[in-house]
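This report looks at helices, packing and charged pairs. Please examine the sequence and the model first.

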Amino acid sequence: NSSLTSVDLRSNGIGDEGMKAFSEALNSNSSLTSVNLFRNRIGDKGMKAFSEALKSNSSLTSVDLRSNGIGDEGMKAFSEALESNSSLTS
């Protein structure tokens with residue numbers, strides 16, 4: 001979808017597998033600017049997949065990852081992705 005700019009997936013319990021699928025879709029999307037992933041049981045595996053997608057995504061400006069199960073490994077991957085992502089601002 002080239003016109004979708006915002007997705008609210010809060011409290012859907014997508015978990016790591018759902019996050020992996022979402023991340024794959026994000027790789028081919030250039031219109032999405034905002035994603036709410038609040039309280040979705042996302043752990044390190046899901047965060048690693050999302051972080052890989054962020055490295056090449058240039059449209060996403062806002063992501064809400066509050067209240068997930070992201071640990072040290074997931075946050076390390078996210079931090080590394082932020083080094084190469086210039087569009088994410090919040």
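## Basis

Helices here are DSSP runs of H or I with at least four residues, numbered from the N terminus. The model is a predicted one.

## Helix α1

Helix α1 has 13 residues. Its first and last C-alpha atoms lie 19 Å apart, close to the 18 Å expected at 1.5 Å a residue.

Which residues of α1 are buried? They are Gly15, Met19, Phe22, Ser23 and Leu26. These residues cover an arc of only 105 degrees around the axis, so they sit on the same side of α1. Glu17 and Glu24 are exposed on the other side of α1. The buried residues of α1 pack against β2 (34-36) and α2.

An α-helix has 3.6 residues a turn, so residues three or four places apart point the same way.

## Helix α2

Helix α2 covers residues 44-56, which makes 13 residues. At 1.5 Å a residue, α2 should span 18 Å. Its end C-alpha atoms are 19 Å apart, which agrees.

Buried in α2 are Gly46, Met47, Phe50, Ser51, Ala53 and Leu54. Seen down the axis of α2, these buried residues fall within an arc of 165 degrees, so they line one face of the helix. Lys45 and Ser56 are exposed on the other side of α2. What do the buried residues of α2 pack against? Their partners are α1 (15-27), β3 (62-64) and α3 (72-84).

## Nonpolar core

The largest nonpolar core has 18 residues. Those with the most contacts inside this core are Leu32, Leu37, Phe50, Leu54, Leu60 and Val63. Helices α1, α2 and α3 each supply at least two of the core residues. Helix α2 gives the most, with four residues. In soluble globular proteins, nonpolar side chains tend to be buried together.

Leu54 is buried in α2. Leaving out residues up to four places away in sequence, Leu54 touches Leu60, Phe78, Ala81, Asn85 and Leu88.

## Salt bridges

How many salt bridges does the model hold? The count comes to six.

Asp64 pairs with Arg66 in a salt bridge, with the closest N and O atoms 2.8 Å apart. Asp64 is buried, at a relative accessible area of 17%. Arg66 is exposed, at 52%.

Arg10 forms a salt bridge with Asp8, where the closest N and O atoms are 2.9 Å apart. Arg10 is partly exposed, with a relative accessible area of 46%. Asp8 also counts as partly exposed, at 41% relative accessibility.

## A pair within α3

Lys76 forms a salt bridge with Glu80. Their closest N and O atoms are 3.9 Å apart. The cut-off for such a pair is 4 Å between a side-chain nitrogen of Lys or Arg and a carboxyl oxygen of Asp or Glu, so the Lys76 and Glu80 pair counts.

Where do the two residues sit relative to each other in helix α3? Lys76 and Glu80 are four residues apart, so about one helical turn separates them. Lys76 counts as exposed, at 55% relative accessibility. Glu80 counts as partly exposed, at 36%.

Key. Residues are numbered from 1 along each chain as its sequence is written. This is a predicted model: local features need pLDDT of at least 70, side-chain atom pairs count only at pLDDT 80 or more; totals for chains, interfaces and linings use all residues. Side-chain values use heavy atoms; hydrogens and water are left out. The expected span of a helix is 1.5 Å times one less than its number of residues. Buried means under 20% relative accessible area, exposed over 50%, partly exposed in between (1.4 Å probe, protein chains only). The arc is that of the directions from the helix axis to the C-beta atoms. Contact means heavy atoms within 4.5 Å. A nonpolar core is a set of buried Ala, Val, Leu, Ile, Met, Phe, Trp, Tyr and Cys residues joined through side-chain atoms within 4.5 Å.
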